[in-house]
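Subject: Structure handed over, with notes

Dear colleague,

My notes follow directly below.

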Amino acid sequence: MQKTLSVIDLQAIRRNALKIRSVLGKRKFFAVVKADAYGHGGEEVSRAIEDVVDYFCVAIMEEGVKLRVAGVSKPVLVFTPPLDGYDVDRAAFYNLTLTVNSVQTAKLACGLPCHIKVNTGMNRNGCNLTDLADVLSALDKSSVSGVYSHLYAPESAFASERQLALFNAAEKAVKEVCPNSCAHISASGGLLRGGAYLKDGARCGILLYGYAPSGFSRIGYERALKVYARRAQTTEFIGGGVGYNFADKKYGELNVYRLGYADGFFRGVPLGEKTLCMDAFIKNGGSETEIVMDDADRYAARAGTISYEVLTSVTRRSERIYER
């Protein structure tokens with residue numbers, strides 16, 4: 001097989017979900033499966049943990065539609081507010097829960113189930129507290145099932161405490177008119193911070209897949225993804241380059257592996273010699289018939305990025321195998 005092979009351990013993801021469930025207790029568990037479940041496969045992951053969670057969360061409407069087509073029946077919250085009537089029509093047809101962040105989107109929602117997104121400092125897709133009363137006035141109160149915000153720096157106690165104070169005020173205002181609303185401000189970082197940040201529930205994405213946000217430990221959570229690439233050629237070095245660019249030393253035997261930046265790996269990260277090429281990389285010596293990437297944190301550190309970006313990239317052109 002010429003594709004890279006992504007092996008995804010659904011039982012590891014399920015064990016992570018059960019651990020999160022134990023932390024939350026009776027609070028609502030929002031499993032974040034946006035971006036194709038961070039590269040692990042949205043439909044497969046959702047079916048594997050549906051009985052453990054209360055909600056699924058996706059970034060855009062199309063992701064929610066895919067879950068419904070796959071047979072997922074739990075509520076699905078779409079983070080991006082509706083941009084037009086077409087979004088609202090799809091939300092209605094597929095029974096998706098909208099995010100409302102303004103008077104305009106409140107009017108677009110037309111009485112469909114929704115959560116109000118409040119801006120407490122992330123400054124992304126949320127209404128300011130000064131606008132919250134107008135948003136509530138534009139909504140059918142019976143349609144509001146939640147109010148939420150997002151910690152922009154959960155590793156910072158100072159920033160998080162300030163956001164929590166703002167969110168407490170928003171929660172109070174919403175629950176005065178929509179008393180059954182579920183309040184949630186925490187993603188994985190807030191869950192790990194715990195205490196008052198757990199509110200009525202929490203949204204967990206990266207923890208499900210065995211990683212933690214910056215500033216937090218992933219200990220106790222299992223990585224679920226390994227990406228394999230096969231050796232395509234072994235050759236004697238004849239001078240010139242090692243992939244693109246001039247060779248800076250004399251090599252002996254070189255191995256070519258079928259993996260490149262078109263597969264979501266980053267060109268400037270030296271897995272082997274020099275840089276990745278479009279569809280291959282070259283490694284000096286060794287007898288491995290395949291190589292494996294199984295720690296997105298380590299790779300991200302070398303790439304100057306974060307595990308989120310690595311995970312959502314490296315399965316781009318993979319053949320997926322699910323371990324159950």
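The buried residues of helix α3 pack against α1 (10-24), β2 (28-32), α2, β3 (55-58), α4 (61-69) and β14 (319-323), where contact means heavy atoms within 4.5 Å, and where helices (H or I, at least four residues) and strands (E, at least two) are DSSP runs numbered from the N terminus. Those buried residues are Gly 42, Glu 44, Val 45, Ser 46, Ala 48 and Ile 49; buried stands for under 20% relative accessible area, exposed for over 50%, and partly exposed for what lies in between, with a 1.4 Å probe and protein chains only. Because six of the eight residues of α3 (residues 42-49) are buried, this helix is largely enclosed by the rest of the structure.

Before going further, please keep in mind that this is a predicted model, in which local features need pLDDT of at least 70 and side-chain atom pairs count only at pLDDT 80 or more, while totals for chains, interfaces and linings use all residues. Residues are numbered from 1 along each chain as its sequence is written, and side-chain values use heavy atoms, with hydrogens and water left out.

As for the chain as a whole, the protein chain has eleven helices and 14 strands, and its C-alpha atoms fill a box of roughly 75 × 40 × 35 Å, taken along the principal axes. Of its 324 residues, 50% are buried. When contacts between residues at least 6 apart in sequence are considered, 64% of them join residues at least 24 apart.

Turning to the largest pocket, about 730 Å³ of space lies in it. A pocket here is, on a 1 Å grid over the protein atoms alone, an open set of points where a 1.4 Å probe fits, with protein on both sides within 12 Å along at least five of seven lines, and lining residues have an atom within 4 Å of a point; the volume is the space filled by probe spheres set on the points, which are joined across faces, edges and corners. The lining of the largest pocket consists of 35 residues, of which Lys 34, Tyr 38, His 150, Ala 187 and Tyr 308 lie nearest its centre. The elements that give two or more residues to this lining are α2 (34-38), α9 (188-193), α10 (296-303) and α11 (307-313).

Most residues other than glycine have a negative phi. Cys 110, in the loop between α6 (103-109) and β6 (114-117), has a positive phi near 50°, and Cys 110 is exposed, with a relative accessible area of 60%. Asn 125, in the loop between β6 and α7 (129-138), also has a positive phi, near 55°, but Asn 125 is partly exposed, at 33% relative accessible area.

Finally, Pro 75 lies in the loop between α4 and β4 (76-78) and is partly exposed, with a relative accessible area of 32%. Leaving aside neighbours within four places in sequence, Pro 75 is in contact with Asp 54, Tyr 55, Phe 56 and Arg 68, whereas the C-alpha atoms of Pro 75 and Phe 246, 171 residues apart along the chain, are separated by 55 Å.

With kind regards
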